[in-house]
Amino acid sequence: MLEVRDIDLALRQLPVEQREVILLVALERMSYSETAKTLGIPIGTVMSRLARGRDRLRTVLVGESSGSSLKVVK
Amino acid sequence: MSRPGISESDLHAYLDGELDDARRSEVEAHVAAQPQDAALLAAYARLNDVLRARYDPLLDEALPARLTQPPPRRRFSVMRYAAVFGWLALGGIAGWQLHGWQGRDERAAAPAWARRAAVAHVVYSPEVRHPVEVGADQEDHLVAWLSKRLGTPLRIPHLNGIGYGLVGGRLLPGERGPAAQFMYQDGQGQRLTLYVRTNREHSRESAFRFAEDGPVRVFYWIDRGLGFALSGELEKDELLRVANAVYQQLNP
């Protein structure tokens with residue numbers, strides 16, 4: 001089970017570029033195009049940072065407990 | 001059978017409500033047939049829930065008429081998602097619905113930007129290597145640059161007298177234009193951030209308002225065309241002392 005408090009620590013371990021995209025998309029509920037415009041980066045970069053950031057957060061948050069061996073579709 | 005061409009990007013885009021109906025159906029068919037990808041999608045959805053559970057309550061209690069509701073498109077997609085898979089935590093759905101629709105009145109504008117300030121504090125204050133874009137050693141440049149970008153002359157309060165030295169500042173995205181963040185630090189490395197944005201709604205000047213969530217506390221106010229939000233993981237009294245000092249320096 002994810003601990004809400006662990007998210008602070010997990011976020012801090014992310015590079016800023018990934019952290020800000022995740023926060024804009026997940027918390028600010030911005031669309032990819034709004035996020036791209038806000039940060040002045042291409043949409044493709046928004047998507048790749050989002051995917052990398054979420055993947056790392058997921059690993060940090062559930063990695064130890066679930067022994068995750070999920071296949072990541074490329 | 002797995003549909004060809006469904007990538008991990010599609011799973012994210014599905015979760016974020018970025019897909020058209022046709023593609024959404026394809027993703028749904030794909031995850032229905034691929035338990036591993038279904039589990040991955042569920043994990044990302046849960047991650048969103050955790051993020052929102054952690055940060056959404058911030059400032060909600062101070063002023064319930066918050067501006068930042070998810071647009072209907074997203075509400076729909078998440079509800080649909082929940083209906084299809086049935087794994088989404090009940091709490092997440094309740095929280096989602098509680099946001100509701102509220103009037104876009106004048107008061108509601110304050111929490112949206114103050115919340116941005118608090119999120120920006122959480123994002124940048126832990127940074128060890130790059131906490132600011134321009135350091136305090138280039139203060140003149142920092143003031144000139146941020147004043148130019150915000151389109152209004154800014155001043156940086158000096159808080160050394162009460163124990164907080166300027167680390168520097170950075171430019172941030174605001175709702176409708178740039179905002180500035182100044183960072184301060186005391187002798188123990190405790191950091192405060194002062195978020196400044198132009199008051200585009202022409203809201204009236206306000207007294208200090210306070211909000212908190214867990215360790216992050218925020219005092220925010222509007223003064224002469226600028227909105228200020230001071231965020232830190234400090235006791236309320238201490239944060240208020242700093243907020244008063246900032247206000248007095250900007251209003252000598």
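The accessible surface of chain B comes to about 11300 Å² (Shrake-Rupley method, 1.4 Å probe), and carbon and sulfur atoms account for 52% of it. This is a predicted model, in which local features need pLDDT of at least 70, side-chain atom pairs count only at pLDDT 80 or more, and totals for chains, interfaces and linings use all residues. Residues are numbered from 1 along each chain as its sequence is written, chains are lettered from A and ligands numbered from 1 in the order in which they are written, and side-chain values use heavy atoms, with hydrogens and water left out.

Helix H1 of chain B, residues 8-15, has seven of its eight residues buried, among them B:Leu11 and B:Tyr14. At its start, a side-chain oxygen of B:Ser7 lies within 3.2 Å of the backbone nitrogen of B:Ser9. Just after H1(B), B:Gly17 has a positive phi of about 70 degrees.

The axes (lines fitted to C-alpha atoms over the stretch in contact) of H2(B) and H3(B) come within 5 Å and cross at roughly 115 degrees. The two helices are therefore roughly perpendicular (65 to 115 degrees).

| Helix | Residues | Residues in the H2(B)–H3(B) contact |
|---|---|---|
| H2(B) | 21-33 | B:His30, B:Val31, B:Ala33 |
| H3(B) | 35-55 | B:Pro35, B:Asp37, B:Ala38, B:Leu41 |

How values were computed:
Buried means under 20% relative accessible area, exposed over 50%, partly exposed in between (1.4 Å probe, protein chains only). Helices (H or I, at least four residues) and strands (E, at least two) are DSSP runs, numbered from the N terminus. A polar contact is a pair of N or O atoms within 3.5 Å; within protein, one must be able to donate a hydrogen and the other to accept it, and residues adjacent in sequence count only if both atoms are side-chain atoms. Axes are lines fitted to C-alpha atoms, for helices over the stretch in contact, and angles run from 0 to 180 degrees between N-to-C directions. Angles under 35 degrees count as roughly parallel, over 145 as roughly antiparallel, 65 to 115 as roughly perpendicular and the rest as oblique. Contact means heavy atoms within 4.5 Å.
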